[in-house]
Amino acid sequence: MRILIIGEGGRESALAAKLQNDPRISKMFFANGNATTDVIGKNVHLSEIKELRDFAIKEKIDLTIVGPEAPLVAGLKDEFKKHDLKVFGPTQKVASLEGSKAFSKKFMQTYDIKTAKAVVFDSYNEAKEYVQKQQYPLVIKASGLAGGKGVVICDNLEEAEATIHDFMIRRIYGDAGIRLVIEEYLQGFEASIIAFSNGDQLFPCIAAKDYKKAGNGDTGPNTGGMGSVAPSPEFTQEHYADFEKNILEPTVKGLKAEGFGFKGIIFFGLMVTKNGAYLLEYNMRFGDPETQVLMALMENNLLDVIQDCMDGKEIELKFKDEKAVCLVMCSGGYPRNFETGFEIVGEDKLKYSKLLYAGAAKKGDKVVSNGGRVLNVVATGATYEDARKKVYEDAGHVHFDYGFYREDIGKF
């Protein structure tokens, strides 16, 4: 088989590492890939959907796996389908469940999926008027894609008005923020559940915990993710039963009612409160950095799982009875302004963990940083502390100028 994986982060490195020893795969291509995928397969520099389509036709690609959300929201699956090219991912319409928070909120409300109370706004003045009468804190979200950063918890009216202005007038996330979802604030802990879809049923993985804030103790700005652990330490069997009844099952019902059957991934971003689990958002692809810990624990052959989903078969997911920790090392200044181009050294000194490059590229015989989230260090152990010790000991050997990471990933 010839496989194309679209994306260039740690998630794509984790998928590649999981697939690399499958004897059925003769060649893996990555658009645009990174310093890890460059070793596993061949990186190709393509970004436009038509370029990707033409490449898949020319190279006789048997299966395309899409990592990030943007190509799916832009209609990659629809374009590939016209040419009988297999893609593990949803159509543009179904990807709107991630691409438009307004669209997904309406879907949740229509099918009684447990979620926070929310109102959608297209008008700057109406949004400003609304927040003057609300209780705080409240949450303001850019409806469109903002790289995981378009969500702000506002503690008072001044912050709410400034956020609305940033999103709708200053357009700090471009067109993503011209429509807003303003919703009630939920107090609790977050959990991520990634599920495989075979077009008819959803098969959930174990829950993972993602660390969104840039600083220790969940301080600082939101990021794309500073680390993850699996299974989620706080998410109990009771929480899972609640999720299944009030979120998973009505989602399946809604997908069927709307004719949204698809073969790919649906990611449930949850907030678990004293009143149970609430759905914050859908993502329609593998999460990053959740994929890194899930792949470290998954016992199934990933290609078998994907092919069975593509064939509409039932699957049974199995995970090791261990804990996994993923630490994300970032460029200084991330998620705001940061510099790149710094040499990364020390990969050869890791003893206990796997290093997965993300925002890093080969430059001659060196590897240099070229993104905000530069690399991941992933380890498993019998306990969270075992896995955590391995990750932090190995992370201490890896260096690049101005690099930083959180010191509390996997610490409970």
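How many helices and strands does the secondary structure of the chain come to? The count is 13 helices and 22 strands. The model shown in every view below is predicted.

**Figure 1. Overall dimensions of the predicted chain.** The C-alpha trace spans about 60 × 45 × 40 Å along its principal axes. A compact globule of 412 residues would have a radius of gyration near 22 Å, and the value for the chain is 21 Å, so the two agree. Of the contacts in the chain with a separation of 6 or more, 69% are between residues 24 or more positions apart.

**Figure 2. Surface, burial and charge of the chain.** Of the 412 residues, 55% are buried. The chain exposes about 18000 Å², and 45% of that area is supplied by carbon and sulfur atoms. There are 53 positive and 59 negative charges. The mean position of the positive charges lies 2 Å from the mean position of the negative ones.

**Figure 3. Helix α1, residues 10–19.** This helix is mostly covered, with nine of its 10 residues buried. The buried set consists of G10, R11, E12, S13, A14, L15, A16, A17 and L19. In general, an α-helix has 3.6 residues a turn, so residues three or four places apart point the same way. Charged side chains are included in the buried set, namely those of R11 and E12.

Figure 4. Which residues is S13 in contact with, leaving aside its neighbours within four places in sequence? They are N34, T36, T37, L356 and Y357.

Figure 5. Is E190 buried or partly exposed? With a relative accessible area of 40%, E190 is partly exposed, because that class lies between the limits of 20% for buried and 50% for exposed. Apart from neighbours within four places in sequence, E190 is in contact with L270, M271 and L280.

**Figure 6. E190 and K256 in one view.** The two residues are 66 residues apart in sequence. In space, the distance from the C-alpha of E190 to the C-alpha of K256 is 27 Å.

Terms used. Residues are numbered from 1 along each chain as its sequence is written. This is a predicted model: local features need pLDDT of at least 70, side-chain atom pairs count only at pLDDT 80 or more; totals for chains, interfaces and linings use all residues. Side-chain values use heavy atoms; hydrogens and water are left out. Buried means under 20% relative accessible area, exposed over 50%, partly exposed in between (1.4 Å probe, protein chains only). Helices (H or I, at least four residues) and strands (E, at least two) are DSSP runs, numbered from the N terminus. The radius of gyration is taken over C-alpha atoms; the globule rule is 2.2 Å times the number of residues to the power 0.38. Contact means heavy atoms within 4.5 Å. Accessible areas come from the Shrake-Rupley method with a 1.4 Å probe; for residues, only the protein chains shown count as cover. The place of a charge is taken as NZ of Lys, CZ of Arg, CG of Asp or CD of Glu.
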